[in-house]
Amino acid sequence: MRDGHARTRSDLVKLTGLARSTVTLRLEALLDRRWIVPAEGPVSSGGRPATAFTFNTGARLVLAADLGVMHARAAVTDLGARVLAERRAGIAIAEGPEKVLDWLIEAFTGLLAETGHTLAEVCGVGVGLPGPVSHGTGRPVSPPIMPGWDGFDVPGRLGARLGAPVLVDNDVNIMAVGEHWSTGRGTAHMIFVKLGTGIGSGLITEHRLHRGAQGAAGDIGHIRASAEAADALCRCGNTGCLEAVAGGGALAARLRAEGLDADTAWDVVRLVRAGDRTAVTLVRQAGREIGQVLASLVNFFNPGVIVIGGELADAGEHLLAGVRESVYSRSLPLATAHLNIRVSELGEQVGIIGAAVLVIEETLSPDAVDRSLT
Ligand SMILES: [Zn+2]
């Protein structure tokens, strides 16, 4: 029912192969909880008009947050991941969990009031954090740029104040989920690469997020880059990491060394867009370095699509050209035969949508819907 098409009782009997009486009972239970509603106007199925039903995206609300290194976003969405209201602030994750989560709780309650809703309608809270998160507990684990957050009980703090289940994941994972939901539903296997100050990726396999044993899958920023980069020092303590040669922070530092005005990944993009030769050459070379690591992943994982997101994605074709050059020359022909490499079409909203989708998939899993009916 969630694809948005209205269906009659007869349609559902045909689709499911279940007895008409079973379908009727189930429909009544779902109607009672407003998971589905009668569609606008009767649908003609040849003979007399029959009532059709559709999934009710307004049945519950979702609170979604994308907490970045320097910015935070909070939104209220429906069960179709449609943003009903959104709030942003320039609050840094380094301000610590108490301050950031207090802002978030205030933002959520404010957004609900603005849209005329209450906490009672909320089915869950989804939160993305810019660091590793243990999937079992929803707690950050030794996040390198998040002082005070290590092991902090984010689900406990938010759940106690908001009275709803809380799902926490790292920001790249929620971006991968958001991209797959919005533009990639035809793609079973996808790599979403975030190129910001640092570098990370989220993996979708068989249409599902692949987190690995502890939730650390996809951390490609600390894979060793090419031999020429062997002595570049990384914030993880190692040398030669991809992030240390091709991350937005590293590129800005290289441009500063050349006498250019660049502090952040945004500055790198600004210089590329202004046509600065040094910046263009540097970004293209970074694309090649990233492409070399991705080429290994393509051989190993055989994705159908690689989506590039994050601030540096705005450097556009110069970056993409370098990535494509390495991937197509270093991956196996069978793995690249139908491989599509593109920039994310969702831009900054991809994280919020992904955080909402985490909650929606949990809320609407068959088991959870069954529990809501008994
Ligand atoms: Zn590293």
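Where is the place of threonine 54? Threonine 54 sits in strand E5, which covers residues 52–55.

## Before we go on

This is a predicted model, in which local features need pLDDT of at least 70 and side-chain atom pairs count only at pLDDT 80 or more, while totals for chains, interfaces and linings use all residues. Residues are numbered from 1 along each chain as its sequence is written, and side-chain values use heavy atoms, with hydrogens and water left out.

## The whole chain

The chain has 13 helices and 15 strands. Helices (H or I, at least four residues) and strands (E, at least two) are DSSP runs, numbered from the N terminus. The radius of gyration of the chain is 23 Å, close to the 21 Å that the globule rule gives for 374 residues, so the chain is as compact as a globular protein of that length. Here the radius is taken over C-alpha atoms, and the globule rule is 2.2 Å times the number of residues to the power 0.38. Along its principal axes, the C-alpha trace spans about 75 × 50 × 40 Å.

Of the 374 residues, 51% count as buried. Buried means under 20% relative accessible area, exposed means over 50%, and partly exposed lies in between (1.4 Å probe, protein chains only). Contacts, meaning heavy atoms within 4.5 Å, also tell us about the fold: residues 24 or more positions apart account for 60% of the contacts with a separation of 6 or more. As for charge, the chain has 35 positive and 40 negative side chains, and the centres of the two sets lie 5 Å apart. Lys and Arg count as positive and Asp and Glu as negative, while His and the chain ends are not counted; the place of a charge is NZ of Lys, CZ of Arg, CG of Asp or CD of Glu.

## Back to threonine 54

Is threonine 54 buried or exposed? Threonine 54 is buried, with a relative accessible area of 16%. Leaving aside neighbours within four places in sequence, threonine 54 is in contact with Met1, Gly4, His5, Ala6, Trp35, Ile36, Val37 and Ala39.

Helix H5 takes in residues 171–183. At 1.5 Å a residue, its 13 residues should span 18 Å, and its end C-alpha atoms are 18 Å apart, which agrees. The expected span is 1.5 Å times one less than the number of residues. H5 is mostly covered, with eleven of its 13 residues buried; among them are Val172, Asn173, Ile174 and Trp181.

Serine 201 is buried, at 4% relative accessible area. The C-alpha atoms of serine 201 and glycine 218 are separated by 4.8 Å, although the two residues are 17 residues apart along the chain.

## Two positive phi values

Most residues other than glycine have a negative phi. Alanine 81, however, has a phi near 60°. Alanine 81 lies in the loop between strand E7 (72–77) and strand E8 (83–89) and counts as buried, at 7% relative accessibility.

Glutamate 206 also has a positive phi, near 50°. Its place is in the loop between E12 and strand E13 (208–210), and glutamate 206 is exposed, with a relative accessible area of 55%.

## Two histidines in loops

Histidine 207 lies in the loop between E12 and E13 and is partly exposed, at 39% relative accessible area. Beyond residues up to four places away in sequence, histidine 207 touches His180, Arg185, Gly186, Thr187 and Ala188.

Histidine 222 is found in the loop between E13 and helix H6 (242–246), and is partly exposed at 29%. Which residues does histidine 222 contact, leaving aside its neighbours within four places in sequence? They are Cys234, Cys236, Cys241 and Glu243. Histidine 222 and cysteine 241 are 19 residues apart in sequence and 4.6 Å apart in space, C-alpha to C-alpha.
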